[in-house]
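Please find below my notes on the model.

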Amino acid sequence: MTSTPRVEGSLSRPCMKCRVQEATLDSRSQPVCRDCFAKFIAAKCIKQTGILGKETRLPLPTTGGPPTGTRHYMVGLSLGVSSTVLLHLLSENIEFQLARGRNAPFDLTVVHIDTTTTTTVTTPSPAVEEALTRYRTRYPRFTFHRTPLSSTTPTPSTATPTPLPTAASRSDVTRQLTRRALLEQARARGCQALLLGHSTTALAELTLAEAAKGRGFALPWLVKDGVAPVGGKRKGLGGGGGEGRENGDGGRNEDGEEEEEAGKGVLVYHPLRDALRKELVIYAGLVEPPLTDLVWETKDDAAAAVVSHKDLSIEEVMGRYFAEVEESYPSVVANVARTTGKLVRAGEGEAGGEWCGLCGMPLDEDGDERWRGELGIQERSDTGTGRLCYGCERSTAG
Ligand SMILES: [Zn+2]
Ligand SMILES: [Zn+2]
């Protein structure tokens, strides 16, 4: 992205930042050139990965001297625009450092959770494989893995014979399991952090959608950066294991070990949290060759083809709503995400809580009971996955 600098006076609409190139874009009500826009987006990502870098300091060698080794992060790649932009920016950051003779600031493993394979359809979709081949060719430095969603923790769809009632509940359960599968992959692969491509817009949508679905309690874990619980490893979830909490001090050694395992979370970061979705879409088109060549568009096409509002999931409704708000009132979008960022994680730092057997988020004992009572939800059924939060119970109720 180079163009010949010109004198400001000869420009019809100079870039507000560099003042030497013609402005071809509007960024937060300022006319800017392509280069300055690309730098603006990259700076947002670099700032957040810098914060993460401090959180994941490398241990000093016992023999003295500077730390050796490399930070190792995992990127959750949905094959959509945002996670592709994240991958590209992280790749550029590494190439920039290497070109200056420095060490790579981190190493990346990229994981795509394949939701096209189910217990009945086990052959990987050729479209997913083709897409991953494109990414591997473009970013040969990184390793890419495809993990079928069905290979993760037992799910209500595999544990119970009844299929999920609606398209909306299927999409909700798929989302929860995808997130959980990413967390489990990050832990299994020994990555220091899981990086997700959520934009400001995506975080705002997530906030309102999860609150609407009854997971308001889990929002601080979903939207803020920090350690997310990986709730899948607890034993005795369905067999009255929760009673152990009444022993008081945390008691027996065998329980202590179990709780330690359950309390071990994964650091989750959203390096693009300060960029709007429309900005990421513009960025994807500016890169040479465009990142839009890589992206797998099937999911968006499917959403656009929906005719009846009855078939829209809450995420789709929020997506359409924020697409409009983002256009005219970007600060509103930023405020939703920022306000949620100030919420406190209840019981943070304690490993004594219980986690939902499906989405893996902490259970809100009182809150979930209250929701259940007011909405007339019946006693929880044992799905073989342990206790569920209100949101997951509603999605899986037949
Ligand atoms: Zn400029
Ligand atoms: Zn849940």
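The numbered points below concern a predicted model.

1. As a reference value, the ideal angle for four tetrahedral donors is 109.5 degrees.

2. C18 belongs to the segment before β1, while C33 is in the loop between β2 (30-32) and α1; the two are 15 residues apart, and the pair links distant parts of the chain. C33, at 2% relative accessible area, is buried.

3. Zinc ion (ligand 2). The protein donors at this site are C356 (SG), C359 (SG), C389 (SG) and C392 (SG), which lie 2.3 to 2.4 Å from the zinc ion (ligand 2). The site is tetrahedral, with angles of 106 to 116 degrees among the four donor atoms. Along the sequence, the donor residues follow the spacing C-x2-C-x29-C-x2-C.

4. Segment before β1. S10 also lies in the segment before β1 (25-27). With a relative accessible area of 47%, S10 is partly exposed; the class of exposed residues begins over 50%. The C-alpha atom of S10 is 9.4 Å from that of E22, a residue twelve positions away along the chain.

5. Aromatic pairs. The whole structure contains six aromatic pairs. One of them joins F37 and F40, whose rings are tilted at 40 degrees between the planes, with 6.5 Å from centre to centre. Both residues belong to helix α1 (residues 34-55), and because they are three residues apart there, about one helical turn separates them. F37 and F40 are buried. A further tilted pair is formed by Y73 and F106, with 5.3 Å between ring centres and 35 degrees between the planes. Y73 is in strand β3 (residues 71-76) and F106 in strand β4 (residues 106-114), so this pair ties together parts that are 33 residues apart in sequence. Y73 and F106 are likewise both buried.

6. Charge over a ring. R100 places its charged end over the ring of F96, at 3.7 Å from the ring centre.

7. Helix α9. Which residues of helix α9 (residues 277-286) are buried? They are E279, L280, Y283, A284 and L286. Viewed down the axis of α9, these residues fall within an arc of 160 degrees, so they line one face of the helix. The elements covering the buried residues of α9 include β1, α1 and α2 (81-99). Helix α1 also carries the F37 and F40 pair described in point 5.

Key: Residues are numbered from 1 along each chain as its sequence is written. Chains are lettered from A and ligands numbered from 1 in the order in which they are written. This is a predicted model: local features need pLDDT of at least 70, side-chain atom pairs count only at pLDDT 80 or more; totals for chains, interfaces and linings use all residues. Side-chain values use heavy atoms; hydrogens and water are left out. Donors are N, O and S atoms within 2.8 Å of the metal (3.2 Å for Na, K and Ca); water is not among the atoms, so sites may look incomplete. Four donors count as tetrahedral if all angles lie between 85 and 135 degrees; four count as square planar and six as octahedral if opposite donors are over 155 degrees apart and all others between 65 and 115; anything else is irregular. Helices (H or I, at least four residues) and strands (E, at least two) are DSSP runs, numbered from the N terminus. Buried means under 20% relative accessible area, exposed over 50%, partly exposed in between (1.4 Å probe, protein chains only). Rings of Phe, Tyr and Trp (its six-membered ring) pair if their centres lie within 6.5 Å; planes under 30 degrees apart count as stacked, over 60 as edge-to-face and the rest as tilted. A charge sits over a ring if NZ of Lys or CZ of Arg is within 6 Å of the ring centre and within 35 degrees of the ring normal. The arc is that of the directions from the helix axis to the C-beta atoms. Contact means heavy atoms within 4.5 Å.
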